[in-house]
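Thanks for coming, everyone. Let me put today's model on the screen, and then we will walk through it.

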Amino acid sequence: MRLLSLLHHFFFRVVLLSLLAVSALADDRKPVSLAVVDLSRSQDALLVNGTLVADRAARLSASVSGLVSKLLVDIGDKVETGAPLIEVRPVKALDLATLSISG
């Protein structure tokens, strides 16, 4: 009976060591790190650098000829449909010829 018990313990140890060896060879665990989580208030705004590009563009044209005397909006301003963008000072044909020669 004592011999049977010794063989049983020996066999159990061999099986256990074999299983440990196989699991060690097949172990592909990755190291992990722990972090302490603390409660904080979230930000309402985020400061970033970048370039904005318009989704849409519009070509402007005037129904009268003249010189722009006043610019009523600036780049980036939000405007309503039909709002005036510029003021045009009418010019005579003679003035246009003089401008094209001197310009």
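How much accessible surface does the protein chain have, and what share of that belongs to carbon and sulfur atoms? The total is about 11200 Å², and carbon and sulfur atoms hold 62% of that surface.

Keep in mind that this is a predicted model. Across the protein chain, pLDDT averages 76. At least 70 is reached by 74% of the residues. Where pLDDT is low, predicted coordinates should not be read in detail.

Now the layout. We have 2 helices and 2 strands. Along the sequence, the order is α-β-β-α. Strand 1, residues 67–71, has the highest mean pLDDT, at 87. Helix 2, residues 93–102, has the lowest, at 60.

What about burial? The protein chain has 103 residues, and buried ones make up 1% of them. Next, contacts. Take those between residues at least 6 apart in sequence. Of these, 26% join residues at least 24 apart.

Let's turn to the pockets. Rolling a probe the size of a water molecule over the atoms shows where empty space is left. What volume does the largest pocket have? About 550 Å³. It is lined by 14 residues, and the closest to its centre are Arg56, Ala58, Gly76, Asp77 and Val79. By class, that lining has 9 nonpolar, 1 polar and 4 charged residues.

The second largest pocket has a volume of about 200 Å³. Its lining includes a run from the sequence: Leu60, Ser61, Ala62, Ser63 and Val64. Leu85, Ile86 and Val88 line this pocket too. The class count here is 6 nonpolar and 2 polar residues, with no charged ones.

Where is it found? Proline 84 sits in the loop between strand 1 and strand 2, and strand 2 covers 86–89. Is proline 84 buried or exposed? The relative accessible area of proline 84 is 58%, so this residue counts as exposed, the cut-off being over 50%.

Which residues does proline 84 touch, leaving aside its neighbours within four places in sequence? Proline 84 is in contact with Leu72 and Val73. Look at valine 73 on the screen. Proline 84 and valine 73 are 11 residues apart in sequence. In space, their C-alpha atoms are 8.5 Å apart.

That's the tour. Over to you for discussion.

Notes:
Residues numbered from 1 in each chain as written. Predicted model: local features only at pLDDT ≥ 70, side-chain atom pairs only at ≥ 80, totals over all residues. Heavy atoms only, no water. 1 Å grid on protein atoms, 1.4 Å probe; cavity = no way out; pocket = protein on both sides within 12 Å on 5 of 7 lines; lining within 4 Å. Points joined across faces, edges and corners; volume = space filled by probe spheres on them. Nonpolar A, V, L, I, M, F, W, Y, C, P; charged D, E, K, R; others polar. Helix = DSSP H or I, 4+ residues; strand = E, 2+ residues; numbered from the N terminus. Buried < 20%, exposed > 50% of the residue type's maximum accessible area, 1.4 Å probe, protein only. Contact = heavy atoms within 4.5 Å. Areas by Shrake-Rupley, 256 points an atom, 1.4 Å probe, with all protein chains shown as cover. pLDDT = per-residue confidence, 0-100.
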